[in-house]
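Thanks for coming, everyone. Please look at the screen while I talk, and stop me if I lose you.

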Amino acid sequence: MDRVPTDVIYALTLDGKGGMAPLAAGSEVPAAHPGWLHLDYGNPEAARWLLQSPLLSEAAKESLLGQSSRPKLVRMGDTVLLVLRGINHNREHRPEEMVALRIFITPDLIISSRRRPLLSELDVFNQLELGGGADSPGDWLVEMCDALTDRAGEFVEELHDKILDLEEMVLVRDLPANGQLALIRKQLIIIRRYLSPQRDLVARLANEKISWLDEDDRRRLLDIADRLRRWLDDLDAGVARTAVLADEINNLMTEATNSRAYQMSVMALLFLPASFLTGLFGINLGGMPGAESSIAFWVFCGWLVTLAIGLAIWLKYRRWW
């Protein structure tokens, strides 16, 4: 029997009634009740314990120490190895940089590890602390999958709200900030990349013949897989909606550019006759009409104003502006 590592995040046993009993560092992992050990494999002491623990096979050690990041399910009899992904809520990290949660689970023991904190693990622990959590390893696994799915769903809803805001902006012909739409599309695509195999994993887990998963656990896992499918449908819809938004934004930008170019063309047309006349009358050659008159300049300016007004009226009549 191995002992609880000194640098463990959570060390506890399930009391079978939804509560827990904490385990002290250095104490033996009891066999009377299923235990849960949760570690940060980025911590040298925790990584050393994982490498040396007789409770783990070589495949389990490799999985728990972060050798794979994609959602994965490996079953060896009643022992299951899982890699799940959760939304990253850590500061200075973006939510789509999902955190890998690695799980080794048997009928009597749960060992999990991760590199960065997850709110989902805290949700599961808080429920145990309040006495309303999991009462068995199978129930614990369902609770963890449920917490991960809830957090993912919250983030998908946030993306949905951001897309709605962008659509409202475009409807009033306002342009979003540079990079805002691109970031949302990136988040949609990356989240979908991880949630899609995770949905298949949960559905497969519900159909595996594992002794410590009862019918209620399987039913709840299928419900979680169905919720993941709905989130994936929302992500697909979000990708399509952002593509339409990108087209509309491009159309607005093209329209604005064309409008400015058109206005400049009209202004150039208005000043073209005036430019021609001022250029013609600006030559220094003898015989220029009005060269000897004191009011010739003001008469010429009047002609230019009259010409500009007449040209503007003609353009308005022809509906050029």
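In what sense do S4 and S5 pair, and over how many bridges? They pair in the antiparallel sense, over five bridges. One of the bridge pairs is Met76 with Thr79, and Thr79 sits in S5. The two strands form a hairpin with two residues between them. Look at Gly77 there: it takes a positive phi near 70 degrees.

Before going on, a caution. This is a predicted model. Every value I quote was computed from it.

Now step back to the whole chain. It has seven helices and seven strands. From the N terminus, the order is β-β-β-α-α-β-β-β-β-α-α-α-α-α. So much for the parts list.

Next, the sheet. Seven strands form an open sheet, in the order S2-S1-S3-S7-S6-S5-S4. The pairing is mixed. The edges are S2, residues 20-22, and S4, residues 72-76. Each edge strand pairs on one side only. On average, neighbouring strands are turned by 20 degrees against each other, direction ignored.

Strands of a sheet pair through backbone hydrogen bonds, either parallel or antiparallel.

Take the S2 end. S1 covers residues 10-14, and three bridges join S1 to S2. These two run antiparallel. Leu14 has Met20 as its bridge partner in S2.

Back to S5, which has another neighbour. Seven bridges join S5 to S6, again in an antiparallel arrangement. Val83 has its bridge partner in S6, and that partner is Arg102.

Is S5 enclosed or open to the outside? Eight of its eight residues are buried, so S5 is largely enclosed by the rest of the structure. Here is a general point that helps. In a regular strand the side chains alternate between the two faces of the sheet. Now see how S5 is covered on both faces. On one side are Thr79, Leu81, Val83 and Arg85, all buried. On the other are Val80, Leu82, Leu84 and Gly86, also buried.

Which helices lie against the sheet? Start with H4, residues 137-171. H4 lies across S1, S3, S5, S6 and S7. It runs at about 170 degrees to S6. Then there is H5, residues 180-207, which packs on the sheet and touches S4 and S5. The direction of H5 makes about 150 degrees with that of S5.

Find Ser113, in strand S7. Ser113 is buried, with a relative accessible area of 0%. Its side chain reaches the backbone oxygen of Leu64 at 2.6 Å. What else does Ser113 contact, leaving aside its neighbours within four places in sequence? The list is His38, Leu39, Tyr41, Leu64, Ala100, Leu101 and Arg102.

Last, the overall shape. A compact globule of 321 residues would have a radius of gyration near 20 Å. This chain has 35 Å. Along its principal axes, the C-alpha trace spans about 120 × 40 × 35 Å. Of the 321 residues, 41% count as buried. The chain exposes about 17400 Å², and carbon and sulfur atoms supply 56% of that. Finally, take the contacts with a separation of 6 or more: residues 24 or more positions apart account for 66% of them.

That's my tour. Questions, please.

Technical notes:
Residues numbered from 1 in each chain as written. Predicted model: local features only at pLDDT ≥ 70, side-chain atom pairs only at ≥ 80, totals over all residues. Heavy atoms only, no water. Pairing = 2+ DSSP bridges. Helix = DSSP H or I, 4+ residues; strand = E, 2+ residues; numbered from the N terminus. Axes fitted to C-alpha atoms, helices over the stretch in contact; angles between N-to-C directions. Contact = heavy atoms within 4.5 Å. Buried < 20%, exposed > 50% of the residue type's maximum accessible area, 1.4 Å probe, protein only. Rg over C-alpha atoms; globule rule 2.2 N^0.38 Å. Areas by Shrake-Rupley, 256 points an atom, 1.4 Å probe, with all protein chains shown as cover. Polar contact = N/O pair within 3.5 Å; in protein donor to acceptor, adjacent residues only side chain to side chain.
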